[in-house]
Amino acid sequence: MEMALASAALRTPLLPFRGKKGTWKGTKRGAKRWTTCMAKRSGDEETKLAPKLRRDEDDGGGGDDDDDEQVGADESTWFPEGWGVTNEDVQTVVIALGFSLLFRATVAEPRFIPSLSMYPTFDVGDRLVAEKITYRFKRQPEAGDIVIFHPPSDREGIPAFRNGDVFIKRIVAVGGDTVEVKEGQTYVNGRIRMEDKEYELEKPTYEMPRVTVPEGSVFVMGDNRNNSYDSHVWGPLPTRNIIGRAVWKYWPVWELGPIRSKAHSQDAQQIPTFAFVNWKHLVPLEAPPLRTGGF
């Protein structure tokens with residue numbers, strides 16, 4: 001019997017067979033046993049490695065997750081998490097606010113008109129921009145300029161102004177000029193100020209004796225002569241009190257454009273304006289002849 005089995009085994013051809021883990025040269029039955037053994041061995045190795053992998057994850061193998069958690073912890077904020085505000089957002093707002101305040105303090109600032117003292121040039125609620133560069137670096141204030149300023153607080157016989165009050169008036173005379181109001185006319189250096197005819201609401205009903213404007217001061221008056229608290233009440237205005245020069249009106253939108261003065265009406269004529277706009281097509285139209293001193 002044994003001899004017969006041995007003889008049969010010798011007669012069985014040795015066929016090459018490729019398993020999952022290598023190549024086996026032998027019978028198909030042997031190849032099947034070899035493949036099964038290799039698969040079991042591989043499974044045993046993976047089983048042995050599984051506890052080690054779990055230990056690595058517990059001890060620090062999940063380093064990526066820890067790093068992510070650490071990064072999230074570093075992104076702290078001064079606000080509650082529900083607000084959705086980060087420190088970068090706060091820094092952006094602070095920087096923008098700083099630039100805005102710097103621009104307002106040194107270059108220009110917006111203002112609104114609270115009264116009718118400059119009517120009809122400005123109405124209540126009008127908004128404008130006052131620039132602060134010209135008087136610092138280019139030239140001194142001139143007659144015809146519309147300026148915003150702090151009223152003088154050291155004059156006797158006039159009500160005390162609140163700290164921070166800002167007025168807007170038109171300059172009618174500068175240092176060295178004489179100003180007088182009589183018979184419904186404003187006289188500068190003995191001559192009727194003809195520019196007033198273009199923008200004043202009505203003739204003044206008061207009289208003012210001749211005043212000489214000292215150097216370093218200007219004489220300011222409202223276009224609404226009889227309803228303006230100006231230099232005819234409290235005297236010349238020191239130029240150091242001037243904040244800036246009104247140059248641009250941006251509200252209401254149909255009056256959007258530069259604020260023109262008599263002294264610089266020719267220059268202002270060259271400035272493009274949208275005060276007269278075909279809003280249907282948003283195309284600037286040709287402006288009518290300039291009205292000196294305002295719109």
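Here are some questions and answers about this predicted model.

User: To get my bearings, how many helices and strands does the protein have?
Analyst: Let's start with the overall make-up. The protein has 295 residues, and 34% of them count as buried. As for its secondary structure, the count comes to eight helices and 16 strands.

User: Which residues does the UniProt annotation "active site" cover?
Analyst: The annotation comes from an unreviewed UniProt entry. The residues it covers are spread over 53 residues of sequence, yet they cluster in space, with a largest C-alpha distance of 8.0 Å.

User: Where is serine 117 found, and is it buried or exposed?
Analyst: Serine 117 sits in the loop between β3 (108-112) and β4 (127-131). Its relative accessible area is 8%, and the cut-off for buried is under 20%. So serine 117 counts as buried.

User: What is the distance of the polar contact between the side chains of serine 117 and lysine 169?
Analyst: Leaving aside neighbours within four places in sequence, serine 117 is in contact with several residues, including Lys169, Gly222 and Ser228. With lysine 169, the side chain of serine 117 makes a polar contact, and the distance is 3.1 Å.

User: And what about lysine 169: which strand holds it, and is it buried or exposed?
Analyst: Lysine 169 lies in strand β6, which runs over residues 167-174. Among the residues it touches, not counting those up to four places away in sequence, are Ser117, Asp145, Phe149 and Tyr229. Its relative accessible area is 4%, so lysine 169 is buried.

User: Which residues form a nonpolar patch on the surface?
Analyst: One member, tyrosine 119, is found in the loop between β3 and β4. Tyrosine 119 is partly exposed, with a relative accessible area of 33%. Together the patch has about 340 Å² of accessible area, and its members are Leu116, Tyr119, Val124 and Leu201.

User: Where is serine 231 placed, and what is its relative accessible area?
Analyst: Serine 231 belongs to helix α7, residues 231-234. Apart from neighbours within four places in sequence, its contacts are Val218, Phe219, Val220, Pro236 and Leu237. Serine 231 is buried, with a relative accessible area of 2%.

Key. Residues numbered from 1 in each chain as written. Predicted model: local features only at pLDDT ≥ 70, side-chain atom pairs only at ≥ 80, totals over all residues. Heavy atoms only, no water. UniProt positions renumbered as here; feature names shortened; annotations may be inferred. Helix = DSSP H or I, 4+ residues; strand = E, 2+ residues; numbered from the N terminus. Buried < 20%, exposed > 50% of the residue type's maximum accessible area, 1.4 Å probe, protein only. Contact = heavy atoms within 4.5 Å. Polar contact = N/O pair within 3.5 Å; in protein donor to acceptor, adjacent residues only side chain to side chain. Patch = residues over 30% accessible without salt bridge, like charges linked within 9 Å, V, L, I, M, F, W, Y side chains within 5 Å. Areas by Shrake-Rupley, 256 points an atom, 1.4 Å probe, with all protein chains shown as cover. Salt bridge = Lys/Arg side-chain N within 4 Å of Asp/Glu carboxyl O.
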